[in-house]
Amino acid sequence: MTFRMITVGHTPDMDDAFMFYALASGAIPLNGFQFRHVIEDIQTLNHRALNAELDMTAISAASYPMLAKDYWIVSVGSSVGQGYGPLVISNTPFRPTQLARRRIAVPGRQTTASLLLRLAIPRCCPVEMRFDEIPHAVQEGQVDAGVVIHEWQLIYRDAGLLPVLDLGQWWQRETLLPLPLGLNVVRRSLGHRLARRIAGILYDSILYACANQEDALAYAMRYARGTDAARSRQFVGMYVNDDTMSLSQPCREALRVLWSRAKQAGIISRVPRLSIVEPPKR
């Protein structure tokens, strides 16, 4: 039997690992496909998507305007915050207004975390670095503050760091909408029919993980980076939710608002059309 090889990119983080568990372990039928997993941090995946290197990949929602010519959004697999999101932390008690003109570490210029920071504190000075280097840089005083993502949203206090601004809460106050942080996208060159089949396999993988949570969480904890079981479960629950199974209308509106605000701020040049691929109906 001939298999079609599909390259799929996702991050070394617990929510992505949870979603891709069944696909990676062969727990679900792959329907004539083989998947080669490319595991990179989100900013690296954003850069690779600029060159359309991967067939399907996780990206930052903020980066899609630069990728829309090559990719469709997959309606499943999104990471969406409901009143929570990337967190600005510091060593010093700051008010958000005090961060103007200060150096703030961000996990990549094309990340949604970076875009939200620039919208919330327009006159700050973003400093790009790897997401896992940011807490140490803040502790050592290399920057005045940093935007943390992934498990550091839950464990920053363990390192003696202080909260300044939850960008997910800020977004909800501003828009009354959920916060789409990460998306999965699929290459347009594959064609719509093939793209829908791939979306269907991702849907099946997430559905399987939700039905077999203990096994999927055990797999996801390979990427826990020291986070204990309770916090790992909490983190996965935050970002694998109803909007992961199907991108809701409020989330779709939130994407339009996010990109519109980025354009108004001069951060992007155009607001892309919302081009979404749905898995086949069962």
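Q: At what angle do helix H4 (residues 112-120) and helix H7 (residues 167-175) pack?
A: This is a predicted model, in which local features need pLDDT of at least 70 and side-chain atom pairs count only at pLDDT 80 or more, while totals for chains, interfaces and linings use all residues. Residues are numbered from 1 along each chain as its sequence is written, and side-chain values use heavy atoms, leaving out hydrogens and water. Helices (H or I, at least four residues) and strands (E, at least two) are DSSP runs numbered from the N terminus. With axes (lines fitted to C-alpha atoms, for helices over the stretch in contact, with angles from 0 to 180 degrees between N-to-C directions) 10 Å apart, H4 and H7 pack at about 55 degrees.

Q: Is H4 oblique or roughly perpendicular to H7?
A: Under 35 degrees counts as roughly parallel, over 145 as roughly antiparallel, 65 to 115 as roughly perpendicular, and the rest as oblique. The angle between H4 and H7 is about 55 degrees, which makes H4 to H7 oblique.

Q: Which residues of H7 make the contact with H4?
A: By class, this contact of H4 with H7 has eight nonpolar residues (Ala, Val, Leu, Ile, Met, Phe, Trp, Tyr, Cys and Pro), no charged ones (Asp, Glu, Lys and Arg) and no polar ones (the others, Gly among them). Contact means heavy atoms within 4.5 Å. H4 contributes Ala113, Leu116, Leu117, Leu119 and Ala120, and H7 contributes Leu167, Trp170 and Trp171.

Q: How far apart are the axes of H1 and helix H9 (residues 213-220)?
A: H1 and H9 pack at an angle of about 115 degrees, with an axis separation of 8 Å.  Their contact includes Phe18 and Tyr21 of H1 together with Leu217 and Tyr219 of H9.

Q: Which residues of H10 make the contact with H9?
A: The axes of H9 and H10 come within 11 Å and cross at roughly 105 degrees, which makes H9 roughly perpendicular to H10. From H9 the contact takes Gln213, Glu214 and Leu217, and from H10 Ser232, Arg233 and Val236.

Q: Which element gives the most to the lining of the largest cavity?
A: A cavity is a set of points on a 1 Å grid over the protein atoms alone where a 1.4 Å probe fits but cannot get out, and lining residues have an atom within 4 Å of a point. The largest cavity is lined by 23 residues, with Ile42, Ser79, His150, Leu181 and Gly182 nearest its centre. Its lining has 11 nonpolar, 10 polar and two charged residues. With four residues, the element that gives the most is S10.

Definitions and conventions:
On a 1 Å grid over the protein atoms alone, a cavity is a set of points where a 1.4 Å probe fits but cannot get out, and a pocket is an open set with protein on both sides within 12 Å along at least five of seven lines; lining residues have an atom within 4 Å of a point.
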